Amino acid sequence: MRVDVVSIFPEYLAPLRLSLLGRAQEDGILQLSVHDLRDFTADRHRTVDDTPYGGGAGMVMKPEPWALALEAVLAELPETNEAPTLIVPSPAGEVFTQALAEELAQEPSLTFACGRYEGIDERVLEWAAEHFRVRPVSLGDYVLNGGEVAVMAMVEAVGRLLPGVVGNPESLVEESHSDGLLEYPVYTKPSSWRGHDVPDVLLSGNHGLIARWRREQQFRRTAARRPELLEGADPAEFTGREREVLRELGYDVVDGRLVRQ
Ligand code: 6GU
């Protein structure tokens, strides 16, 4: 996969060269290219922002440097039948989820436009839609100073799904959100530590019992920390024993849907 990031702080993206994603770049699985938006300005001060029409606080990113930067990215992208995807990190976007990460991992390229200040002139998104599939995406309901940290999170979440990036692909199967539930707790040696013991079942060697215990822990955790993830689920996805646990946790089946009591 090819990933292009346009930012006024290209050094901000440096951590994407480390660890698993750094290795993925060495292995040719990921081609990461970071572009400095100021390289696409024409004035002596390399100006990227200006005051907002209509007044108000803060500054807005000027449109022309964005068009030039995105045209430079487009010129480097290989020809494809479908328009390439442009992600615009924004607290006003659709929420980034594991499902979206999985969808984006199928793309041949992703381009990220990191806004700062109050945002990018809206006409950039209108213009970009003539060349890209434009998707404003948010990490969640809070505000960051700019898109860079969000891009790091998204590129890491997508990059680790690319074949060959995570050494043991089984690691990708049993983790939080891959099946709509939170992950079960994990333990390592010693079995007794500062008065806290590893649950006996994990030392039993009974793999059937261990699998059942882990699944039950997933339900307990999800019900305690993220009850909305279970709400509305199709009970047919769960075994009889699992539905028993869910009932114990305060869920009931109403009209074929899981409902919290
Ligand atoms: Cl993607 N960008 C910014 N600036 N703030 C955010 C965000 C993104 N997601 C949550 N807050």
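1. Let's start with Phe238: with a relative accessibility of 7%, Phe238 counts as buried (buried is under 20% relative accessible area, exposed over 50%, partly exposed in between, using a 1.4 Å probe and protein chains only).

2. Some ground rules. Keep in mind that this is a predicted model, where local features need pLDDT of at least 70 and side-chain atom pairs count only at pLDDT 80 or more, while totals for chains, interfaces and linings use all residues. Residues are numbered from 1 along each chain as its sequence is written, and side-chain values use heavy atoms, with hydrogens and water left out.

3. Which rings pair up? Searching the whole structure gives two aromatic pairs (rings of Phe, Tyr and Trp, the last by its six-membered ring, pair if their centres lie within 6.5 Å; planes under 30 degrees apart are stacked, over 60 edge-to-face, and the rest tilted). Phe9 and Tyr12 have ring centres 6.1 Å apart and planes at 55°, so this pair is tilted. Phe9 is partly exposed at 33% relative accessibility, and Tyr12 is partly exposed at 36%.

4. The other pair is Phe219 with Phe238: the centres are 5.1 Å apart and the planes at 85°, so it is edge-to-face. The pair links distant parts of the chain, with Phe219 in helix α6 (residues 207-225) and Phe238 in the loop between α7 (227-230) and α8 (240-248), 19 residues apart. Helices and strands here are DSSP runs numbered from the N terminus (helices H or I, at least four residues; strands E, at least two). Phe219 is buried, at 0% relative accessible area.

5. Thr222 also sits in helix α6, and Thr222 is buried too, at 0% relative accessible area. A polar atom of the Thr222 side chain is 2.6 Å from the backbone oxygen of Gln218. That is a polar contact (N or O atoms within 3.5 Å; within protein, one must be able to donate a hydrogen and the other to accept it, and residues adjacent in sequence count only if both atoms are side-chain atoms). Setting aside neighbours within four places in sequence, Thr222 is in contact with Leu181, Leu182, Pro227, Leu229 and Leu230 (contact means heavy atoms within 4.5 Å).

6. Now the ligand. Residues around the ligand include Pro89, Ser90, Val137, Ser138, Leu139, Tyr142, Leu144 and Ala150 (each has a heavy atom within 4 Å of it). The protein covers 96% of the 290 Å² of accessible area that the ligand has on its own (Shrake-Rupley method, 1.4 Å probe).

7. Helix α5 (residues 148-159) checks out: at 1.5 Å a residue, its 12 residues should span 16 Å, and the end C-alpha atoms are 16 Å apart, which agrees (the expected span is 1.5 Å times one less than the number of residues). Among the buried ones are Ala150, Met152, Val155 and Gly159. The buried residues of α5 pack against elements including β1 (2-7), α1 (19-26), β5 (85-95) and β7 (133-138).

8. Last, Gly147, in the loop between β7 and α5. Gly147 counts as buried at 3% relative accessibility. Gly147 touches Pro89, Cys114 and Gly115, not counting residues up to four places away in sequence.
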